[in-house]
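Visitor: I would like to learn how to read the features of a protein model, taking one kind at a time. Could you go through them with me?

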Amino acid sequence: RVVVYHNAWGLPFFAGVDGAARRVALCHAMPAFHEHDLRGAASLIDGVLSVTPALGGALPQWLPDFERARHQLLPLPVEPPAEWARRGAGPEIVLGYAGRIVREHKRLDRLPAFLRALDATGLRYRFEVLGDGALRPALEREVGGRVRFHGWTTKDEFWRVLARWDGLVFFTEVEGGPIALLEGMAVGAIPFYPRIGGST
């Protein structure tokens, strides 16, 4: 009865054949990422769910015929464990990245240059990566001796590793509200995030 289109992808191609009584676009990128698609899909969708207040503020301009009730904010859920072991102060800062290890959207190709810039500061640090993706083999060859790659982990192990980090680093150019940012903050890690808008 209802089909939800992730970030409105595929609407022009599938709306005519999906058999849905209602269509909803679930959007979680910064407003500029969605403007073109949502304007073009106005006649194809019945509602919009967004994880960012910024997108909600832009929708009346793009979809002037949409009643306010057809757009709802959908906060991202984060459920940290009831207890976790924070790392104590040590001689080095522990930084990490959590998510897909890809160039598209996440821009993990920037990791080697970031590490070189950190080296130039003289800062004592350790860098870890939680996740997996197409860039992982190349990055392991280039920086594997200096970066710990955890891969995909169990939920408990994810939280255990995350709670040891002092900060999370993001390299993205297009993002709405990465869940990993909220998860890291929930266990006391400081996010280092590009000034690109989105929900930050």
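Predicted model: local features only at pLDDT ≥ 70, side-chain atom pairs only at ≥ 80, totals over all residues.

Visitor: How many bridges join S3 and S4?

Guide: S3 and S4 are paired in the parallel sense over three bridges. As for residues, Leu49 stands opposite Gln72 in S4.

Visitor: Now a helix. Which residues of H5 are buried?

Guide: With a helix, list the buried residues and then ask how they are placed around the axis. In H5 the buried residues are Arg136, Leu139 and Val143. They lie on the same side of H5, because the arc they cover around the axis is only 65 degrees.

Visitor: What covers the buried residues of H5?

Guide: The cover includes H4 and strand S7 (147-151).

Visitor: Next, salt bridges. How many are there by the rule used here?

Guide: The count comes to 14 salt bridges. For each one, look at the distance, at where the partners sit in the chain, and at how accessible they are.

Visitor: Which parts of the chain does the salt bridge of Asp46 and Arg22 tie together?

Guide: The side chains of Asp46 and Arg22 meet at 4.0 Å, N to O. Asp46 lies in the loop between helix H2 (31-40) and strand S3 (47-50), and Arg22 in strand S2 (residues 22-27), so the pair ties together parts 24 residues apart in sequence. Asp46 counts as partly exposed at 28% relative accessibility, and Arg22 as partly exposed at 49%.

Visitor: Where do the partners Glu142 and Arg116 sit?

Guide: Glu142 and Arg116 form a salt bridge whose closest N and O atoms are 3.9 Å apart. Glu142 is in helix H5 (residues 136-143) and Arg116 in helix H4 (residues 111-121), so this pair links distant parts of the chain, 26 residues apart. Both Glu142 and Arg116 are exposed.

Visitor: Which residues are linked in a network of salt bridges?

Guide: Glu92, Arg126, Glu128 and Arg164 make up such a network.

Visitor: On to the aromatic rings. How many aromatic pairs does the whole structure hold?

Guide: The search finds five aromatic pairs. To describe a pair, take the distance between the ring centres and the angle between the planes. Tyr97 and Phe171 are 6.4 Å apart, centre to centre, with 45 degrees between the planes, and this pair is tilted. Tyr97 is in strand S5 (residues 93-98), while Phe171 is in the loop between strand S8 (167-169) and helix H7 (179-186), 74 residues apart. Both Tyr97 and Phe171 are buried.

Visitor: Why is the pair of Phe158 and Trp159 edge-to-face?

Guide: Their planes stand at 80 degrees with the ring centres 5.5 Å apart, so the pair is edge-to-face, the cut-off for that class being over 60 degrees. Phe158 and Trp159 are both buried.

Visitor: Which rings form one aromatic cluster?

Guide: Tyr97, Phe114, Phe127 and Phe171 form the cluster.

Visitor: Last, the backbone. What is phi of Ala8 and of His105?

Guide: Phi of Ala8 is near 65 degrees, a positive value. Ala8 sits in the loop between S1 and helix H1 (11-14), and is buried, with a relative accessible area of 6%. Phi of His105 is positive too, near 70 degrees. His105 is in the loop between S5 and H4, and is partly exposed at 33%.

Technical notes: Residues numbered from 1 in each chain as written. Heavy atoms only, no water. Helix = DSSP H or I, 4+ residues; strand = E, 2+ residues; numbered from the N terminus. Buried < 20%, exposed > 50% of the residue type's maximum accessible area, 1.4 Å probe, protein only. Pairing = 2+ DSSP bridges. Arc of directions from axis to C-beta. Contact = heavy atoms within 4.5 Å. Phe/Tyr/Trp six-rings, centres within 6.5 Å; stacked < 30°, edge-to-face > 60°.
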